[in-house]
Amino acid sequence: MLELVFTPDRGHVEPVYRQLGDYIRGLVAAERLPRGSKLPATRELATSLGLSRNTVSQAYEDLVADGVLTAHVGQGTFVAGSPRATAAAGARVSDAGGGSPAAAEDARHGFVWSGLFALRARTLTLPAGFGAERRTRPLRFDFRGGQVALDVLPVSDLRRAFADAAGAELARLADHQSPFGIGSLRREIARYLVSRGITCEAGDVLVVNGAQQAIDLTARVLLDPGDSVVIEQPGYFGARLAFTACQANLVPVAVDGDGLRTDELARVLRARRVKLIYTTPAAQSPTGAVMSEARRRLLLALADEHQSPILEDDYDSELRYEGPPVAALKTGDGAGQVIYVGTFSKVLFPGLRVGYVVAAPPLLEKMALARWNADVTTSVVTQAALARLLATGGLGRHLRRVRAAYAERLRAMLAALADAMPPATEWTRPRGGHSIWVTLPAEVDGPALLQAALDASIRFTPGEVFCGDGRGDRHLALSFANHTPAAIAEGVGRLGELVRAQLPSARRRRHQ
């Protein structure tokens, strides 16, 4: 008899007896429990797994009803021996919620991984509508976020910087293993942050593999299972994944045109202990809203009063096209409560994977230790090349070019939306960042629009990705970074036709 190592996820919406039943189905489908084999008695299995006998009995009864198991009075419970039982087990596993791909993989390879995952891993799933859609034609218009204008990359400056890093500097860097990063880049980042109003030393900077690793490290060193974390709603899905992996309780707080709603935040902080507040104040993800000065002051005051640190994700702050620069939230941080995170991926290219953290020394030290456990350090060649790009002014020159290009593309997308979308459609008008948040007419079916767009060779990020509560199907995010104005006009025009096609015929005629 194969030992059962099932561990229930008591925080999951599915009852424990259903979880146990699905686990046993997987064992049967993978033939780890052969036909005719006897299962432990309900009392015995309940004791070994730390479950109630009723839970095990209910799981067995469901499996017997489905033909996966058979029960014989006075003899026990057995795996059914008929081909129908094996087919039923495989079919039930393939229908078992979000875990179906893993269960199918288990069945093919004969090893039931789904029963061995840690509880924190079981909670990790891709957001609805993220990367799982059927695509029937080559993609022509890709308006998803996280992309850059490849046609304005500083290719010559990057080539020289990487050549120097891999040549003259390589001998000096070859044995570097500090999780904090190389000294030259930390010094250049400290100088660079003066433009964000932040005064810090090289020793206050931790170099990491992009902003996502910074968020993950913050979660690892601050959050215990059950801790509460405030996140923006809608908000960045990568932060939600990192906090969920630490088994935190996510507390969504709404955003509007002035950023995070601090009135809602105040009510949350009065009602419960919050371990961390995550926010994107310079260009809210995904709406692009800039947090007002009044809310910034109140946010800092609330965090100080309730001793809740703030994780400031400044991912898109350099991309600003109108109005005066907005200082980082950390500039008002007199108590050291703000964990400041930045990245070079949005202004250069995503594959660079270099970000940084500025935080209080005790926290930075713990993050560096956690980082060592994960991957030791960021590529020293990439760090040295980026340090040179900063020192020679190459990044500054690139920023001036990319701001001009993105400003033109933002104007093109706003104009295209005004021309192509029906009047009931709304969208943000960001002063910075790289994307626009669109609210669709009530009649539009979001998932159907997503599939129609894919069939028309158009890709965007559906709103559900940014809304952890399953809502957001009336929204979508469109990035203007990686297409020319002409391509934006054509792609958004085609998307507008798809939106109009879903309106009732009377309204469609009225809006044409």
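Arg388 and Asp164 form a salt bridge in this predicted model, with their closest N and O atoms 2.4 Å apart. Arg388 belongs to helix H15 (residues 380-391) and Asp164 to helix H7 (residues 155-166), so the contact ties together parts that are 224 residues apart in sequence. A search of the whole structure finds 20 salt bridges, and several of them are described below.

- Arg388 is partly exposed, at 36% relative accessibility.

- Glu293 and Arg297 are joined by a salt bridge with an N to O distance of 3.8 Å, which falls under the definition because the limit is 4 Å.
- Both Glu293 and Arg297 lie in helix H13 (residues 293-306), where they are four residues apart, about one turn of the helix.
- Arg297 has a relative accessible area of 53% and counts as exposed because the cut-off for that class is over 50%.
- In helix H18 (residues 485-501), Arg494 and Glu490 are likewise four residues apart, about one turn of the helix.
- The side chains of Arg494 and Glu490 meet in a salt bridge at 2.8 Å, N to O.
- Arg494 is partly exposed, with a relative accessible area of 33%, and Glu490 is partly exposed at 31%.

**A network of charged residues**
- Asp22, Arg25 and Asp66 are linked to one another in a network of salt bridges.

**Background**
- Side chains of opposite charge can pair when their charged atoms come close.

Terms used:
Residues are numbered from 1 along each chain as its sequence is written. This is a predicted model: local features need pLDDT of at least 70, side-chain atom pairs count only at pLDDT 80 or more; totals for chains, interfaces and linings use all residues. Side-chain values use heavy atoms; hydrogens and water are left out. Helices (H or I, at least four residues) and strands (E, at least two) are DSSP runs, numbered from the N terminus. Buried means under 20% relative accessible area, exposed over 50%, partly exposed in between (1.4 Å probe, protein chains only).
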